[in-house]
Each structure stands twice: as structure tokens, then as C-alpha cells.
Amino acid sequence: MEQSSLFGDGVDIDTETPTTAEATAPTDARAQAAANEIMRSPKSLGGLYSEELAHRYYIIVGAFVDKGNAAALKDDAQKAGYEVALINFRNGYTAVGLCPSDSIVVAYDWLRKVKEEKFAPADAWILVNQN
């Protein structure tokens, strides 16, 4: 199963605590860039194809042009015990969304857990439904 990416590579951030005030600004900029890499809205992806999403946040573990690949990843996630939704975008991609939630705190917790799964890529991210 080959996975297509909607985006470029993730942002590499330094997690060390800055020791000076001058070092704080770049770290804040990198942290913001990292947040932008793990949180995206449907609008930024060209919009949803037709359906409305029931929840505000979804963990996206893959996006595929081939719906068969999306269905296979959905099956893997369901076998691991996750609640899964296939999310269709106008750009032709079908995303595999896990752990629907209306709380950003819960979504971040799920993101950390999901990234530990064998089926999930390291660049899994949070879809923010702003409807």
C-alpha cells in the first residue's frame, strides 16, 4: 500500500529549552511552524467534497488518490480498535481520519498515541473542521 502526501516534509524543530531571550524568538517561530504542520483545516486542502464532518478534530493518518488504499488503511486502524472515518476532499484525495473529537486536548492526546501504532506514519496530523 503506497501512501501519497498532500504536503511537503514536516518541520524539524529543536526541542531544547532556549537559554537566552534571543534564542526564544526562533524557537517560538519553529513551534508555530510545527503547529502548522500538525493542524490543518479542510479549506486549506481545497475543501471537503460533499459531506459535513460530525466532529471538530480528526487525526489524519493517510491521504490517497486510490480509494482502495484508503479503505485498506481504514481496515488496519479499525482492527487496532480505532474509530475511523474516510474524508473526501475536492482535490481528489480520500483521507483516513481517526479518533473524532471536539476537544483539542483530547485530539493531541490521540495524536501522540496514534503515532505509536505500526500503521500510522510519523507525520500524522490533526484536521481542524471549522464548520
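**Stop 1: the largest core.** Start by selecting Ile59, Val61, Tyr82, Val96, Leu98, Val114 and Phe119: of the 20 residues in the largest nonpolar core, these touch the most other members. A nonpolar core here is a set of buried Ala, Val, Leu, Ile, Met, Phe, Trp, Tyr and Cys residues joined through side-chain atoms within 4.5 Å. Buried means under 20% relative accessible area, exposed means over 50%, and partly exposed is in between (1.4 Å probe, protein chains only).

Now colour the elements that give two or more residues to this core: strand 2 (57-64), helix 2, strand 4, helix 3 and strand 5. Strand 2 gives the most, with four residues. Helices (H or I, at least four residues) and strands (E, at least two) are DSSP runs, numbered from the N terminus.

Before you go on, a word on what you're looking at. This is a predicted model, so local features need pLDDT of at least 70 and side-chain atom pairs count only at pLDDT 80 or more, while totals for chains, interfaces and linings use all residues. Residues are numbered from 1 along each chain as its sequence is written, and side-chain values use heavy atoms, with hydrogens and water left out.

**Stop 2: around Val96.** Click on Val96 and show what surrounds it. Leaving out residues up to four places away in sequence, Val96 touches Ile59, Ile60, Val61, Gly62, Phe64, Ala70, Leu73, Lys74, Val84, Ala85 and Leu86. Contact means heavy atoms within 4.5 Å.

Leu73 sits in helix 2 (residues 67-79) and is buried, at 3% relative accessibility.

**Stop 3: the aromatic rings.** How many aromatic pairs does a search of the whole structure find? Two. Rings of Phe, Tyr and Trp (its six-membered ring) pair if their centres lie within 6.5 Å; planes under 30 degrees apart count as stacked, over 60 as edge-to-face and the rest as tilted.

Select Tyr82 and Trp110: their ring centres are 5.9 Å apart and their planes at 70°, so this pair is edge-to-face. Tyr82 lies in the loop between helix 2 and strand 3 (84-88) and Trp110 in helix 3, so the pair ties together parts that are 28 residues apart in sequence. Tyr82 is buried at 7% relative accessibility, whereas Trp110 is partly exposed at 30%.

Phe119 is in the loop between helix 3 and strand 5 (125-128), so its pairing with Tyr82 ties together parts that are 37 residues apart in sequence. With all this on screen, you have one aromatic cluster of Tyr82, Trp110 and Phe119.

**Stop 4: a salt bridge.** Which side chains meet in a salt bridge? Select Arg112 and Asp109, at 2.6 Å from N to O. A salt bridge is a side-chain nitrogen of Lys or Arg within 4 Å of a carboxyl oxygen of Asp or Glu, and by this rule the count comes to one. The two residues are three apart in helix 3 (residues 104-114), so about one helical turn separates them. Asp109 is partly exposed, with a relative accessible area of 42%.

Stop 5: Move to strand 3 and strand 4, which run antiparallel and are joined by five bridges. Two strands pair if DSSP finds at least two bridges between them. Asn88 stands opposite Thr94 in strand 4. The hairpin has five residues between the strands, and there Gly92 takes a positive phi near 95°.

**Last stop: confidence.** Colour by pLDDT, the predictor's confidence in each residue, from 0 to 100. The protein averages 76, and 61% of the residues score at least 70. Confidence is lowest in helix 1 (residues 21-38), at a mean of 49, and highest in helix 2, at 97. Over residues 1-26 pLDDT stays under 50. Where pLDDT is low, the predicted coordinates should not be read in detail.
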